Amino acid sequence: MTETNPAARVRVIEETPAYWRVVFDYPPFNIVDATIFEALQDLLARMDASPGLRVAVFESANPDFYLSHFDLTGKIGNIMTALGASGLPILIDTFVRLTKSPVVSIAKIRGCVRGVSSEFVLACDMRFASRENTRLGQPEVGVGLHPGGGGAERLPHLVGRGRTLEIVLGANDFDGDTAERYGYVNRAVPDAELDSFVDALARRIASFDQGAIAAAKNLVNQVSLPSADRLLDAFASFGNALTWPEAQQRIQTLLEHGLQRDGDFEKRWPEMLGTLLET
């Protein structure tokens, strides 16, 4: 096992040449900003250049925050405007390339995973969540926005229309057991067993023939993925929604209450979205 660049915000632990663990380590809350997307873009290039790689497990160094949410203070660089290798805007490009990569991606979830962070795990091939320690959701509507990174396009394939609307319009957190029952995640696993369960699955898949893995994933992709046009439409609409006065008011109110500053508020903020402007 070797670890590269241990000071990086997104670091790689090479368990074997065929199996990597990718660790999000961006204190204090693993906020998703330009730094995270730059690191993911670098990771995708490195994955492409590693022909023996079969499986990548994505996890967090912080058990309270897997990836928390989109940076609402504006530290997003050019991820909304610059194009990635696929020709799509970097935010969408990152998720699409991860989904279409021949490498199998597994999200091992502990802590808070909301908005664009939920969209990241939805772009992974599989999701396994801590039963006791998961807060997963798409709270954008409660912030005056809507999902823009693939959440509204990927969720219906997993959970159905009604549950997608409950997740998106309810704008609240889902625990591990409910996420499993809905199909939002593959399984909710007792926290004490999560590491060993995911590690065993990853090592098993990594032992199989690379061509067979890639071919099988490609066949599943062909019948289960949203089109680039649908993703782009939602992304463009999200960019426009960021300019809406209602959204700007709600974002400012959340920041004033302590979003991205106060750890306790960062854990529980979707609970108050229904009364946000009253408080």
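Which residues does Ser130 touch, not counting residues up to four places away in sequence? The points below answer this and consider further residues.

1. The structure is a predicted model, in which local features need pLDDT of at least 70, side-chain atom pairs count only at pLDDT 80 or more, and totals for chains, interfaces and linings use all residues. Residues are numbered from 1 along each chain as its sequence is written, and side-chain values use heavy atoms, with hydrogens and water left out.

2. Leaving aside residues up to four places away in sequence, Ser130 touches Ile109, Arg110, Gly176, Val189, Asp191 and Leu194 (contact means heavy atoms within 4.5 Å). Ser130 lies in strand S7, residues 126–137 (strands are DSSP runs of E, at least two residues, numbered from the N terminus).

3. Ser130 is buried at 0% relative accessibility (buried means under 20% relative accessible area, with a 1.4 Å probe and protein chains only). Its side chain makes a polar contact with the side chain of Asp191, at 2.8 Å (a pair of N or O atoms within 3.5 Å; within protein, one must be able to donate a hydrogen and the other to accept it, and residues adjacent in sequence count only if both atoms are side-chain atoms).

4. Ala56 belongs to strand S4, residues 55–60, and is buried, with a relative accessible area of 0%. Beyond four places in sequence, the residues touching Ala56 include Trp20, Val22 and Val103.

5. The count of disulfides is zero (a disulfide is a pair of cysteine sulfur atoms within 2.5 Å). Cys112 is in no disulfide, as the nearest cysteine sulfur, that of Cys124, is 17 Å away. Cys112 is buried at 2% relative accessibility, and Cys124 is buried with a relative accessible area of 4%.

Technical notes
Helices (H or I, at least four residues) and strands (E, at least two) are DSSP runs, numbered from the N terminus. Buried means under 20% relative accessible area, exposed over 50%, partly exposed in between (1.4 Å probe, protein chains only).
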